[in-house]
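Hi,

Here is the structure I promised to pass on.

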Amino acid sequence: MSMDVTVLYFAGCPSWRTTVERVHMAAEQASVPVEVTTLAVETIEEAQRVGFAGSPTVWLEGTDPFGQPDAVPALACRVYATADGMAGSPTVRQLADALRQRAA
């Protein structure tokens, strides 16, 4: 059985494409089968309805493993804290760790 992974994005932020690629690499690294879909968030109302914390947002089985409790829904680019500083996408390692944790 594969894990459902959704990458939410809005068209004004290009980092979501990198995130989709990294999710596939992370799944292979973590030995976790995934079914990856993308979801375009196009309005602030939709962002508020789904709890979109910026582009890209990664949901593992509907949960954001990188979510912050004080995040405000917005049509904005999201940044992630990585070992190399702030970045527009989680690293492959961060994604692989999140996949392993969710699969456990």
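Let me start with a pair in helix 2 (residues 44-50): glutamate 46 and arginine 49 sit three residues apart there, so about one helical turn separates them. Helices here are DSSP runs of H or I with at least four residues, strands are runs of E with at least two, and both are numbered from the N terminus.

Before going further, the ground rules. This is a predicted model, so local features need pLDDT of at least 70 and side-chain atom pairs count only at pLDDT 80 or more, while totals for chains, interfaces and linings use all residues. Residues are numbered from 1 along each chain as its sequence is written, and side-chain values use heavy atoms, with hydrogens and water left out.

**Salt bridges**

Glutamate 46 and arginine 49 form a salt bridge, with 3.9 Å between the closest N and O atoms. The term covers a side-chain nitrogen of Lys or Arg within 4 Å of a carboxyl oxygen of Asp or Glu. Glutamate 46 is buried at a relative accessible area of 18%, whereas arginine 49 is exposed at 64%. For those labels, buried is under 20% relative accessible area, exposed is over 50%, and partly exposed is in between (1.4 Å probe, protein chains only).

The structure has three salt bridges. Another one joins aspartate 64 to arginine 78, where the closest N and O atoms are 2.9 Å apart. That pair links distant parts of the chain: aspartate 64 and arginine 78 are 14 residues apart, each in the loop between strand 3 and strand 4. Arginine 78 counts as buried, at 8% relative accessibility.

Then there is aspartate 97 with arginine 100, at 3.0 Å between the closest N and O atoms. These two are three residues apart in helix 3 (residues 92-103), so they are separated by about one helical turn. Aspartate 97 is partly exposed at 40%, and arginine 100 is partly exposed at 36%.

**Aromatic pairs**

How many aromatic pairs does a search of the whole structure find? It finds two. The criterion is ring centres of Phe, Tyr and Trp (its six-membered ring) within 6.5 Å, with planes under 30 degrees apart called stacked, over 60 edge-to-face and the rest tilted.

Tyrosine 9 and tryptophan 16 are stacked, at 3.9 Å centre to centre and 15 degrees between the planes. Tyrosine 9 is buried at 15% relative accessibility, and tryptophan 16 is buried at 12%.

Phenylalanine 66 and tyrosine 80 are edge-to-face, at 5.6 Å centre to centre with 85 degrees between the planes. Phenylalanine 66 is in the loop between strand 3 (57-60) and strand 4 (80-82), and tyrosine 80 is in strand 4, so this pair ties together parts 14 residues apart in sequence. Phenylalanine 66 is buried at 16%, and tyrosine 80 is buried at 4%.

**The largest pocket**

The largest pocket holds about 250 Å³ of space. Of its 15 lining residues, Phe66, Gln68, Arg78, Val79 and Tyr80 are the closest to its centre. By class, the lining has eleven nonpolar, three polar and one charged residues.

Points are joined across faces, edges and corners, and the volume is the space filled by probe spheres set on them. Nonpolar means Ala, Val, Leu, Ile, Met, Phe, Trp, Tyr, Cys and Pro, charged means Asp, Glu, Lys and Arg, and the others, Gly among them, are polar.

Most residues other than glycine have a negative phi, and most peptide bonds are trans. The bond from serine 55 to proline 56 is cis, with omega near 0 degrees, and proline 56 is in the loop between helix 2 and strand 3. Serine 31 has a positive phi, near 55 degrees, and is exposed at 64% relative accessibility. Glutamate 61 also has phi near 55 degrees; its place is the loop between strand 3 and strand 4, where glutamate 61 is partly exposed at 37%.

Cheers

Terms used
1 Å grid on protein atoms, 1.4 Å probe; cavity = no way out; pocket = protein on both sides within 12 Å on 5 of 7 lines; lining within 4 Å.
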